Amino acid sequence: MIQLETIFDILIKGFIIGIVVSAPLGPVGVLCIQRTLNKGRWYGFVTGLGASLSDIAYALLTGYGMSFVFDYINKNIFYLQLLGSIMLLIFGIYTFRSNPVHSIRPASSNKGSYFHNFITAFFVTLSNPLIILLFIGLFARFAFVQPGVLVFEEITGYVAIVLGALVWWFGITFFVNKVRTKFNLRGIWILNRVIGGVVILASVAGLIYTLLGESLY
C-alpha cells in the first residue's frame, strides 16, 4: 500500500538529489550560462534540459546497479551513508576550489536550433561518466535505493530527480538572464564557490549526524 509519508519522503530526497547533481558549474553549467547570456534564456534552459536527460540516464544506471546488492546495502547502511557523506564532502571541496571559468568556450555567432543546443548539452554531460560516483554517494547518503519499494514509488523518486534538476536550470537561467548586464566571469566563480560551500556544509552535517546515529534527511 502506498503511503503519503513515503511518497513525500521520496519526492524530497529525489528533488534534493536532482539539484545537487545539477548545481555545480562544470562544463555544462558554464555552457548553460554562456548560452543564456549570448543567445537568450530559453537556449540556456534547453541546455539544462539536455544535461538533465543525461543525468537521469546515469541515475537509472546507478539505481538499478545498486538494486542488485540490497542485502549488502541493508547490512552496511551506516558505512555506506558515512562513505556517501565523505564523497559529497570531497565533491564539495573540489567544486569550491575549482574555477569554472576555465571551461568557457568562444561564443558562437550562430544560435542554432533549440534541439541542437539540447543535444550538445546531452552529449557533453554524457561524456562524464564520473557523475555515477556522485549518484552513488547521494543515493547512499539519502538511502534512496531500498528493497521492497513499489514501482510507483521508484518512478516517483526518479521523476523527483528530474524535477529538481529542471527547477535548478530554470532558476539559474532566470537569475542570469535578469542580471545579464552585471553578470561576469567573477560572478560565475563566486556562484560556484557558494554552491561548493553549501555542499560542504550539508555533507559535514550529514557526516556528523551519521556518526551520532541520527537521521538528517
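Modeller: Gladly. Let's begin with a term: a pocket is an open set of grid points with protein on both sides within 12 Å along at least five of seven lines, and its lining residues have an atom within 4 Å of a point. Keep in mind that this is a predicted model.

Biologist: Which residues lie nearest the centre of the largest pocket?

Modeller: Those are P24, G26, F91, Y94 and N128, out of a lining of 27 residues. The space in this largest pocket comes to about 750 Å³.

Biologist: Which elements give two or more residues to that lining?

Modeller: Look at α1, α2 (27-38), α3, α5 (77-97), α6 and α7 (131-141). With five residues, α5 gives the most to the lining of the largest pocket.

Biologist: Which residues line the largest cavity?

Modeller: You can pick out I17, G18, V21, S22, S52, D55, I56, F135, I161, V162 and A165. By class, seven are nonpolar, three polar and one charged. At least two lining residues come from each of α1 (4-22), α3 (41-66) and α8 (151-178), and α1 provides the largest share, four residues.

Biologist: Now helix packing. At roughly what angle do the axes of α3 and α6 cross?

Modeller: The axes of α3 and helix α6 (residues 114-126) cross at roughly 40 degrees and come within 7 Å. Angles under 35 degrees count as roughly parallel, and 65 to 115 as roughly perpendicular; α3 and α6 are therefore oblique to each other. The crossing of α3 past α6 is right-handed.

Biologist: Which residues make the contact?

Modeller: From α3, the contact uses W42, Y43, V46, T47, L49, G50, A51, L53, S54, D55 and Y58. Facing them from α6 are Y114, N117, F118, A121, F122, T125 and L126. Sorted by class, the residues of this contact are twelve nonpolar, five polar and one charged.

Notes
Residues numbered from 1 in each chain as written. Predicted model: local features only at pLDDT ≥ 70, side-chain atom pairs only at ≥ 80, totals over all residues. Heavy atoms only, no water. 1 Å grid on protein atoms, 1.4 Å probe; cavity = no way out; pocket = protein on both sides within 12 Å on 5 of 7 lines; lining within 4 Å. Nonpolar A, V, L, I, M, F, W, Y, C, P; charged D, E, K, R; others polar. Axes fitted to C-alpha atoms, helices over the stretch in contact; angles between N-to-C directions. Parallel < 35°, antiparallel > 145°, perpendicular 65-115°, else oblique. Left-handed = near helix turned anticlockwise from the far one by under 90°. Contact = heavy atoms within 4.5 Å. Points joined across faces, edges and corners; volume = space filled by probe spheres on them.
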